[in-house]
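Here is a briefing on a structure, grouped by topic. Please keep the sequence and the 3D view open while reading.

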Number of protein chains: 2
Amino acid sequence: MIIPDFQDMLQAHERIKPHIHCTPVITSSYFNELIGAKLFFKCENFQKAGAFKVRGASNAVFGLDDTLAGHGVATHSSGNHALSLSYAAGRRGIPCHVVMPRTAPKAKKAAVRGYGGIITECEPSTTSREEVFAQVQGKTGAEFVHPYNDPRVIAGQATCSQEFLKQTDGVDIMIAPIGGGGMVSGTCLTLSRIAPEIQIIAAEPEQADDAARSFKAGNIIADDAPQTIADGLKVPLKELTWHFVRNHVTDILTASEQEIIDAMKLTWARMKIIIEPSCAVPLAIILKNKDRFAGKRIGIIITGGNVDLDELPWLKSSTTN
Amino acid sequence: MIIPDFQDMLQAHERIKPHIHCTPVITSSYFNELIGAKLFFKCENFQKAGAFKVRGASNAVFGLDDTLAGHGVATHSSGNHALSLSYAAGRRGIPCHVVMPRTAPKAKKAAVRGYGGIITECEPSTTSREEVFAQVQGKTGAEFVHPYNDPRVIAGQATCSQEFLKQTDGVDIMIAPIGGGGMVSGTCLTLSRIAPEIQIIAAEPEQADDAARSFKAGNIIADDAPQTIADGLKVPLKELTWHFVRNHVTDILTASEQEIIDAMKLTWARMKIIIEPSCAVPLAIILKNKDRFAGKRIGIIITGGNVDLDELPWLKSSTTN
């Protein structure tokens, strides 16, 4: 197991800077007053391809030597990593093969194809995803870039906190959603080195709380096919992300589906930004645990903004077209 | 008729700075490539109370002497001016009376009440609005702050272009939606003085095209109750805004309801920002007149982000709750 370090993050940052945005950190007096804290939202929903995942994907793609790159890249993903890898591969001019659950939001599939990604569909379970993926990789010889259990990807995601610390005057707590743990691991990588006093809290849907249970149990617990509206958070921890979670995360808290939907809608209504369900989880958790967060300076990583606008979770009878 | 001048704008800016945001100017490589132009979006959807109207409202409220202010302020409004005046009055600690059409989005009504505004409902026509308003004002003695036909309000809106010019390296064209013409008049006020080479284009819904017809006819044409999804643009020009439109606007272009909806949805999907239908009109017009705008540097005023999230225009059967 290769554990990426701070130097890897710095190299990643130099490598990917031409291909990503330094996304803004924004504040909301509404939420500050509501919670009695100072919140700093790192807006990766404004990132290239609409999510932080372009950081790790770009680091992997642009770090390949020409021979390897010639076969292209491949991945399985619940969405944003697929978009991001397609975007990065497109920038380098190499093919990108993507295995996606057939149930993934159609807006995400269309966007992957929009960036030139080649999709093969699988069933919405980890087992099926890995099976179909092996077939695709065998046929193409493409370089596998795992959505999160990959040192290149974690080093890339770690650049987000590096930017954040330069954009703010420091925080007491950093909170980010956790699915496979790529963003949380990157956050751990950077903060444990340059701001170890910052508490790192991971935010997870109750209905996909394998990371919270793993954290309590002291070993990885993986569910095969959890159901949650937070589409990007259904995947389990793997050994590399578990390493960071186990060693550096302060706590993992959970929120219900309704709490996630309410926090998402409230963010749209008051901050006027499009955030996807996954990144409403941290805010949902802060809202339901106000006492724990009141008076603190809190960094929140808004991980992405890729939403199917025809299928909004608070509109149960919304149409598809 | 008191016509506000550049000095009034400068005074307004000093007066309102503590109460408003200097909103960001953002860009979108997606739209730049789609149109073959350079677009600069002045994001007044991130403004206090969710819209540019807080500029004019704050200038009016904070410019009152204490005696006048003691009776409070009052207005009729299709929504954002009501929010903004309530916000500004709340900051000064004086009452704000608001006459609103009963058909205004309930999200806007709730927000007005959220800022402490006191609502009296009228029918959705200019005639009814003015009638009910006269009753309210007679009863309270509150200072009338017209949503746009008021020199204090226009001087306030004019601060938006002042900020914009400092935030960018200049543009060839500035485009803004037109309803009553407050923002367009403010834009004319500032640009005609410090950047007279910039073309000012006003953007209007086809179904509420009274400003476009006025512009062609050479005199104000007012419709009583036009129907358009662009809720903020239903009101007619008045003599003060007509003065600026007639003297400084280069052209008024229109877009259909479907073009407005498509531009709005595309902005949500690609830029991850919530914009209301009114401010999708400029982008709709640019998209349908690409030849006219290609190769240009274009400033677009995103006027507001107050949308009823339960009633999205592309979801025809969306539920209300």
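This is a predicted model: local features need pLDDT of at least 70, side-chain atom pairs count only at pLDDT 80 or more; totals for chains, interfaces and linings use all residues.

Residues are numbered from 1 along each chain as its sequence is written, chains are lettered from A and ligands numbered from 1 in the order in which they are written, and side-chain values use heavy atoms, with hydrogens and water left out.

**Symmetry**

- Chain A superposes on chain B by a rotation of 180 degrees with 0.0 Å of shift along the axis, at an RMSD of 0.0 Å. The two copies are thus related as by a two-fold rotation axis.
- The superposition is by least squares on the C-alpha atoms of residues with pLDDT of at least 70 in both copies.
- The copies meet through the same surface, because 100% of the interface residues of chain A are also interface residues in chain B.

**Interface**

- In chain A, 26 residues are in contact with 26 residues of chain B. Contact means heavy atoms within 4.5 Å.
- About 2000 Å² is buried between chain A and chain B, and carbon and sulfur atoms give 55% of that area. Buried area is the accessible area (1.4 Å probe) that two parts lose on being put together, summed over both.
- The rule finds 2 salt bridges across the interface of chain A and chain B. A salt bridge is a side-chain nitrogen of Lys or Arg within 4 Å of a carboxyl oxygen of Asp or Glu.
- B:Lys265 and A:Asp310 meet in a salt bridge through their side chains, at 2.8 Å from N to O.
- Helix 13 (residues 257-271) of chain A gives the largest share of the side of chain A that touches chain B, 5 residues. Helices (H or I, at least four residues) and strands (E, at least two) are DSSP runs, numbered from the N terminus.
- The side of chain A that touches chain B divides into 11 nonpolar, 9 polar and 6 charged residues. Ala, Val, Leu, Ile, Met, Phe, Trp, Tyr, Cys and Pro count as nonpolar, Asp, Glu, Lys and Arg as charged, and the others, Gly among them, as polar.

**Salt bridges within a chain**

- Over all chains, the structure holds 34 salt bridges.
- A:Arg102 and A:Glu123 form a salt bridge at 2.9 Å, N to O. The pair links distant parts of chain A, 21 residues apart.
- A:Arg102 is partly exposed at 42% relative accessibility, and A:Glu123 is partly exposed at 40%. Buried means under 20% relative accessible area, exposed over 50%, partly exposed in between (1.4 Å probe, protein chains only).
- B:Glu163 and B:Arg55 form a salt bridge, with the closest N and O atoms 2.8 Å apart. B:Glu163 lies in helix 9 (residues 159-167) of chain B and B:Arg55 in helix 3 (residues 53-63) of chain B, so the pair ties together parts 108 residues apart in sequence.
- Both B:Glu163 and B:Arg55 are buried.

- Helix 12 (residues 239-248) of chain A has buried residues, among them A:Leu240, A:Trp242 and A:Phe244.
- The cover over the buried residues of helix 12 of chain A includes helix 8 (151-157), helix 10 (182-194), helix 11 (210-217) and strand 9 (251-255) of chain A.
- A:Asn149 lies in the loop between strand 6 (143-144) and helix 8 of chain A. A:Asn149 is buried, with a relative accessible area of 17%.
- The side chains of A:Asn149 and A:Glu239 make a polar contact at 3.4 Å. A polar atom of the A:Asn149 side chain lies 2.9 Å from the backbone nitrogen of A:Leu240.

**Lys272 in both chains**

- A:Lys272 is found in the loop between helix 13 and helix 14 (281-288) of chain A. A:Lys272 has phi near 65 degrees, a positive value in a residue other than glycine.
- B:Lys272 has phi near 60 degrees, also positive.
- A:Lys272 counts as buried at 8% relative accessibility, and B:Lys272 counts as buried at 7%.

How values were computed: A polar contact is a pair of N or O atoms within 3.5 Å; within protein, one must be able to donate a hydrogen and the other to accept it, and residues adjacent in sequence count only if both atoms are side-chain atoms.
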